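I opened this model to look up its core first. Then I turned to single residues and to the chain as a whole.

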Amino acid sequence: FILVAIALVYNNKGRKNGKHEINDISKEFGYSKDELKSILLNNFILIYDSINKKDLNTLKKICSSELYDSYYSQFESLDFLGRKKVIDQFNLISFSIIEVSREKKMMYVKVDASVSYYQYVIDNEGRLIRGRKDILVKKKLDLVFVKKNIDFDSINKCPHCLVNSKMNAKGECINCGK
C-alpha cells in the first residue's frame, strides 16, 4: 500500500463523501490509525531522502506528477549550474493525521507535520553557494496523501485476516470484524 503525496497545500473542494473520524479509519479503509500513520510517515521520510539523494525514480513512484515535475525542474536547474541542494540532519518534530476522506475510488489523508533541517546549496567542489550550514530551518507542512484506484465495493479478501470473506451491512469482515 503506497500513498502518493499530491500537494503541500490541501484544498478540500469537491469532496462528496465527507470527512471520516480518525478512529473510523480501520472501518472504512482497512487500517488502524497507527498503521496508516506509520505508512504515511515512512513515505514522507522517503520523499526527503529521495530529494537529498536525487533519486528521481523513487520520487516518480511516490509523488504526484505535479510534485515530481517541480522537483525535477529544481534538479535540472541546479545540474545546469553545477550545483547540488543538500538537506542535512532532517528531524521530524511532529506528524499527525488531521482528516481522512474518500471520493469515488480515491482515499485522501490530510496530515500536519513539522520538520527541521539544515538546507544549503553547494557547487561541484563542495563550496557553499546559498544558505548556511549552521542555520536550522523549521517548517510546518500541510500534506495530502492519496491512494488511487481503490474499489471499495468489490473488496473480497479482508486486508486484516486475509480470508475471502463477505462483509456485513456496516462494511465489516464477517470473519474478524474489521
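I started with the largest nonpolar core of this predicted model. I find 28 residues in this core. Leu40, Phe44, Leu59, Cys63, Tyr71, Val109 and Val111 touch the most other members. I then looked up which elements give two or more residues to this core: they are α2, α3 (56-62), α4 (65-80), β3 (83-103), β4 (106-123) and β5 (128-147). Helix α2 gives the most, with 7 residues.

Next I took phenylalanine 44 from that list. I left aside its neighbours within four places in sequence. Phenylalanine 44 is in contact with Phe90, Leu92, Phe95, Ala113, Val115, Leu141, Leu143 and Phe145.

I moved on to serine 50. Helix α2 spans residues 33-53 and holds serine 50. Is serine 50 buried or exposed? Its relative accessible area is 2%, and buried means under 20%, so I log serine 50 as buried. Not counting residues up to four places away in sequence, serine 50 touches Asp55, Thr58 and Leu59. Leu59 is also on my list of core residues that touch the most other members.

Last, I checked the whole chain. I count 4 helices and 5 strands. From the N terminus on, the order reads β-β-α-α-α-α-β-β-β. The protein chain has 178 residues, and buried ones make up 36% of them. I also looked at contacts between residues at least 6 apart in sequence: 62% of these join residues at least 24 apart. The chain exposes about 11000 Å². Carbon and sulfur atoms supply 47% of that area.

Methods
Residues numbered from 1 in each chain as written. Predicted model: local features only at pLDDT ≥ 70, side-chain atom pairs only at ≥ 80, totals over all residues. Heavy atoms only, no water. Buried < 20%, exposed > 50% of the residue type's maximum accessible area, 1.4 Å probe, protein only. Contact = heavy atoms within 4.5 Å. Areas by Shrake-Rupley, 256 points an atom, 1.4 Å probe, with all protein chains shown as cover. Core = buried A, V, L, I, M, F, W, Y, C linked by side-chain atoms within 4.5 Å.
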